[in-house]
Amino acid sequence: MDDQSIHHLREALRFSPENVPLRLHLAEVLLNTGRLDEAEEQYNALMKLADEDIAKRGLVKVFFNKGNYSKCIVLLEVLMEDYRDDFELQLLYTKALYRENSIADAVAAYQRLHELQPDFKDEELDEGLKVRHLQEEEDMLESLDDPTFLQKPNIRFEHVGGMDGVKKEIDLKIIKPIQHADLYKAYGKKAGGGILLYGPPGCGKTFIAKATAGEVDAKFVNVGLNDILDMWIGNSEKNLNRIFETARNNTPCVLFFDEIDALGANRRDMKQSAGKHVINQFLVELDGVENDNENVLILGATNAPWHLDPAFRRPGRFDRIIFVPPPDQEARAAIFTLKLANKPVGSIDYHTLAAKTESYSGADIEAVIDIAIEEKLEASFSSGIPKPMETKDLLNAIKKHKPSTAEWFTTARNFALFANDSGLYDDILKYLKIKK
Ligand SMILES: Nc1ncnc2c1ncn2[C@@H]1O[C@H](COP(=O)(O)OP(=O)(O)OP(=O)(O)O)[C@@H](O)[C@H]1O
Ligand SMILES: [Mg+2]
């Protein structure tokens, strides 16, 4: 439309300023011809005249085209409270977020957009959001080849108190196959499969996995599941595949999936089919049917094994499922000893401390020590002289921190009693001294 016609429209409006359709028409024409300030003026006038939402819809587009994305987003959020399933608004919202560089929000908004219209494609968003994520992924995969990435955590098995059974299993299934690859080959034994650690919080699952990294002379990759899952729709599968592929090309390689229940929620529980695909992909990768998983060693940890799809437990997948209980008395003494090693202490009666901390997790013991230190610090302020910690200080701290594992066992007990078909949770029953 040319300036002449716009002029005529304006003239007409002068005679009937309350003609809403006419003003709306003018506003749209102005918007479409890029005369944004004038369009804004008209929509503002419409706000007073007509249904505010119509005017707001126009303003949103004006702000968007002006590149005023934050204003656009604010107004959209107001509008979308009433128009949740409005595709046009959702699209503008996604683009505005993207252009404002709120990438995480843009991805979420784009996912929502796909719920409204599954086959929707948009070059800018497809390119932009994917590229960024692929870039992050690229960086991560590149870092696999970068020796500095393998900054070994400076903890080893010797820093883990107790857990002898777990150490032994990890040694047999993960460390030995790497150290004695030739022997394994000679006997035609393939190294692979995975160990899944489960148990109450704070009892050292993550800690021992990190210590495994310090122990093995191999690539150790801590796979951040949430990073994978948060990524671009449909990309989760691809990401998983690439991680496994990279691991296969860099054997021996240990992949550690922490809090694996985030991924492995029972497929039946998954309302979103997207989640199902990720699990299936994970299973395919674990099986390594198309590709050989030899010397790709897998460690997983969870405190909700019952939420895991049973398919995870088939042979060749997580074929060792290990219960990591709270530390026993001996282990607690060891943990106290380890954690107090570089602190100012008098002569500590570790035996007594261990005896007084039944059901305390490793994390609880750390908390106890922390409390004792704080109190010691406070007491030192007046004198300015650091006094060593004594057994009684720690015993006092123990009274102030209750063990945190009980709650987990309340849940675990039920699963062990009522959903223990394959004897999977026998170790829990044994720990709780319940006879089958
Ligand atoms: N056996 C242990 N020896 C030494 N330190 C331990 C031990 N168990 C736990 N800890 C300490 O407690 C902290 C918490 O343990 P960790 O994070 O490994 O628990 P987790 O089992 O992974 O818990 P969650 O289920 O909540 O993830 C560790 O950082 C570590 O310092
Ligand atoms: Mg953990």
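**Cores, sheet and helices of the predicted model**

Within the largest nonpolar core, which comprises 70 residues, Val254, Leu255 and Phe256 touch the most other members. At least three residues of this core come from each of domain 2 (155–322) and domain 3 (329–400). A second, separate core contains 31 residues, among them Cys72, Leu76, Val107 and Tyr110. In soluble globular proteins, nonpolar side chains tend to be buried together. The structure described here is a predicted model. When residues up to four places away in sequence are left aside, Phe256 touches Ala209, Phe220, Val221, Asn222, Val223 and Leu299.

The protein chain contains 21 helices and five strands. Of its 436 residues, 34% count as buried. Among the contacts of the protein chain with a separation of 6 or more, 70% are accounted for by residues 24 or more positions apart.

An open sheet of five strands, paired in parallel, is arranged in the order E2-E3-E4-E1-E5. The edges are formed by strand E2 (219–223) and strand E5 (318–323); each has a single partner strand, so one side of each is left without a neighbour in the sheet. On average, and with direction ignored, neighbouring strands of this sheet are turned by 20° against each other. Strands of a sheet pair through backbone hydrogen bonds, either parallel or antiparallel.

Two of the strand pairings may be described residue by residue. Strand E1 (residues 193–198) and strand E4 (residues 296–302) run parallel and are joined by six bridges. Opposite Leu196 stands Gly300 in E4. E2 and E3 likewise run parallel, with five bridges between them, and Lys219 has Cys253 in E3 as its bridge partner. Although E2 stands at an edge of the sheet, four of its five residues are buried, so E2 is largely enclosed by the rest of the structure.

Helices pack on this sheet. Helix H9 (residues 164–179) lies across E1, strand E3 (253–257), E4 and E5, and runs at about 155° to E1. Helix H11 (residues 205–215) also packs on the sheet, where it touches E1, E2, E3 and E4, and its direction makes about 160° with that of E4. Nine of the eleven residues of H11 are buried, so this helix is largely enclosed by the rest of the structure. The buried residues of H11 are Lys205, Phe207, Ile208, Ala209, Lys210, Ala211, Thr212, Ala213 and Glu215. Their packing partners are H9, E1, E2, E3, E4 and H18. Ala209 is also one of the residues touched by Phe256.

Helix H16 (residues 329–340) consists of twelve residues and reaches 17 Å from its first C-alpha to its last, close to the 16 Å expected at 1.5 Å a residue. Ala331, Arg332, Ala333, Ile335 and Phe336 are buried in H16. The cover over the buried residues of H16 includes helix H17 (350–355) and helix H18 (362–383). In the loop between H17 and H18 lies Ser359, which has a positive phi of about 70° although it is not a glycine. Ser359 counts as partly exposed because 16 C-beta neighbours lie inside 10 Å.

Positive phi values also occur elsewhere in the chain. Met163, which is not a glycine, has a positive phi of about 55° and is placed in the loop between helix H8 (123–145) and H9. With 27 C-beta neighbours inside 10 Å, Met163 counts as buried. Asn101, which follows H6, has a positive phi near 75°. Most residues other than glycine have a negative phi, and most peptide bonds are trans.

Helix H6 (residues 87–99) has 13 residues and spans 18 Å from its first C-alpha to its last, close to the 18 Å expected at 1.5 Å a residue. Its buried residues are Gln90, Leu92, Tyr93, Thr94, Lys95, Ala96, Leu97 and Tyr98. The C-alpha atom of Gln90 is separated by 9.7 Å from that of Glu77, the two residues being 13 residues apart along the chain. Glu77 belongs to helix H5 (residues 69–80) and counts as exposed because it has 11 C-beta neighbours inside 10 Å.

Definitions and conventions. Residues numbered from 1 in each chain as written. Chains lettered and ligands numbered in written order. Predicted model: local features only at pLDDT ≥ 70, side-chain atom pairs only at ≥ 80, totals over all residues. Core = buried A, V, L, I, M, F, W, Y, C linked by C-beta atoms within 7 Å. Buried ≥ 20, exposed ≤ 12 C-beta atoms within 10 Å, placed from the backbone. Domains from an automatic or database assignment. Contact = placed C-beta atoms within 7 Å. Pairing = 2+ DSSP bridges. Axes fitted to C-alpha atoms, helices over the stretch in contact; angles between N-to-C directions. Expected span 1.5 Å × (residues − 1).
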